[in-house]
Amino acid sequence: MTREQRIVATFVELADTMVDDFDVVEFLHHLAERCVQLLDCAEAGLLLSDAGGALRVMASSSERADTLELLQSQSEEGPCFECFHRGQAIISDDLTADADRWPQFARAAVHAGFRSVQAVPMRVRGTTVGALNLFRTHPGRLDASDMPLAQGLADIAAISLLQERTLRETRAVVEQLEMALTSRVVIEQAKGIIAERARIRIDVAFARLRTYARAHNLRLSDVARELIDGRLDTSALEELTRAGGRA
């Protein structure tokens, strides 16, 4: 398989993974591993901004990269940190020359065997939400022709986060709809019980149920469910099922 074919296959694979119930953390770890396979880098890692704006380690291709990402998030220095706050790619051709720029990170990275690094922004709808770090064991930078690919991988990482949130929100909406439908069924059953016991019309039974719920500051569905389950107290039951009359 040629490199171009591997690139296409990778994007198809990543896109296919973003389906219902996909594990976003595992997805991002997988993406970091693919970065190493497709780009001229030894390790890759991703940092993501939390709700407070602080960067947190999200995924990496190895424990070695994970340690450096953690260092960046804790010390608030390094290419990934700068990339996130500037919203643009940050490049260090030679980490030994950038010792003054990032004292803690540069020293730790060189000690771990890295000589250069590039950070690419992860964006969602124009907002930078994190950064992708690409570590290299020799000085220099990625070939210019590889930068669109690096940015594309960072973009799909960001898209995965948006997709995961969308799926969660969709599941929440579906659950709310199911709850509403279930509540409606319960209320219909309660209306039938009241109508039968009180010998009143269904619409009058419903009005009576609503009036009781409002008067006692209770949810209509909760009152209906307690009535069906036999958990409604005697006085409430008598009030709802008294023979004849209006609501």
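Is Arg 199 buried or exposed? Keep that residue in mind; the tour comes back to it near the end. The model on your screen is a predicted one.

**Stop 1: the sheet**

Select the strands to begin. Five of them form an open sheet in the order E2-E1-E5-E4-E3, with antiparallel pairing. At the edges you will find strand E2 (55-60) and strand E3 (90-92), each of which pairs on one side only. Going from one strand to the next, the twist averages 20°.

Now walk across the sheet. Strand E1 (residues 43-49) pairs with E2 in the antiparallel sense over five bridges.

Move to strands E4 and E5, which run antiparallel and are joined by nine bridges. Highlight Val 120 and you will see Leu 132 of E5 opposite. These two strands form a hairpin with two residues between them. In the turn, Arg 125 has a positive phi of about 50°.

Then go on to E3 and E4, paired in the antiparallel sense over three bridges. Ser 92 stands opposite Val 117 in E4. Colour E4 by accessibility and the strand turns out to be mostly covered, with eight of its nine residues buried.

**Stop 2: helices on the sheet**

With a relative accessible area of 16%, Glu 82 is buried, because buried means under 20%. What does its side chain meet? The side chain of Glu 82 makes a polar contact with the side chain of Trp 102, at 2.9 Å. Leaving aside neighbours within four places in sequence, Glu 82 is in contact with Gly 87, Ile 90, Arg 101 and Trp 102.

**Stop 3**

Select Leu 47 in strand E1. Leu 47 is buried, with a relative accessible area of 0%. Beyond its neighbours within four places in sequence, Leu 47 is in contact with residues including Cys 80, Met 122 and Val 129.

Which residues touch the most other members of the largest nonpolar core? They are Leu 31, Leu 46 and Leu 134, in a core of 30 residues. Helix H1 (3-17), H2, E1, E4, E5 and helix H6 (147-198) each supply at least two residues of this core. The largest share, eight residues, comes from H6. Another core, of 18 residues, lies apart from this one, and among its members are Ile 187, Leu 227, Ala 236 and Leu 240.

Setting aside neighbours within four places in sequence, its contacts include Leu 28, Leu 31, Met 122, Leu 132 and Ala 157.

**Stop 4: H7 against H9**

From H7, select Arg 208, Leu 209 and Tyr 212; from H9, select Ala 236, Glu 239, Leu 240 and Thr 241, and you have the residues that make the contact. They divide into four nonpolar, one polar and two charged.

**Stop 5: two loop residues**

Finish at the loops. Most residues other than glycine have a negative phi. Arg 199, in the loop between H6 and H7, has a positive phi near 55°. To settle the opening question, Arg 199 is exposed, because its relative accessible area is 77% and exposed means over 50%.

Asn 217 is found in the loop between H7 and helix H8 (220-229). Its phi is also positive, near 55°. With a relative accessible area of 72%, Asn 217 is exposed.

Methods: Residues numbered from 1 in each chain as written. Predicted model: local features only at pLDDT ≥ 70, side-chain atom pairs only at ≥ 80, totals over all residues. Heavy atoms only, no water. Pairing = 2+ DSSP bridges. Helix = DSSP H or I, 4+ residues; strand = E, 2+ residues; numbered from the N terminus. Axes fitted to C-alpha atoms, helices over the stretch in contact; angles between N-to-C directions. Buried < 20%, exposed > 50% of the residue type's maximum accessible area, 1.4 Å probe, protein only. Contact = heavy atoms within 4.5 Å. Nonpolar A, V, L, I, M, F, W, Y, C, P; charged D, E, K, R; others polar. Polar contact = N/O pair within 3.5 Å; in protein donor to acceptor, adjacent residues only side chain to side chain. Core = buried A, V, L, I, M, F, W, Y, C linked by side-chain atoms within 4.5 Å.
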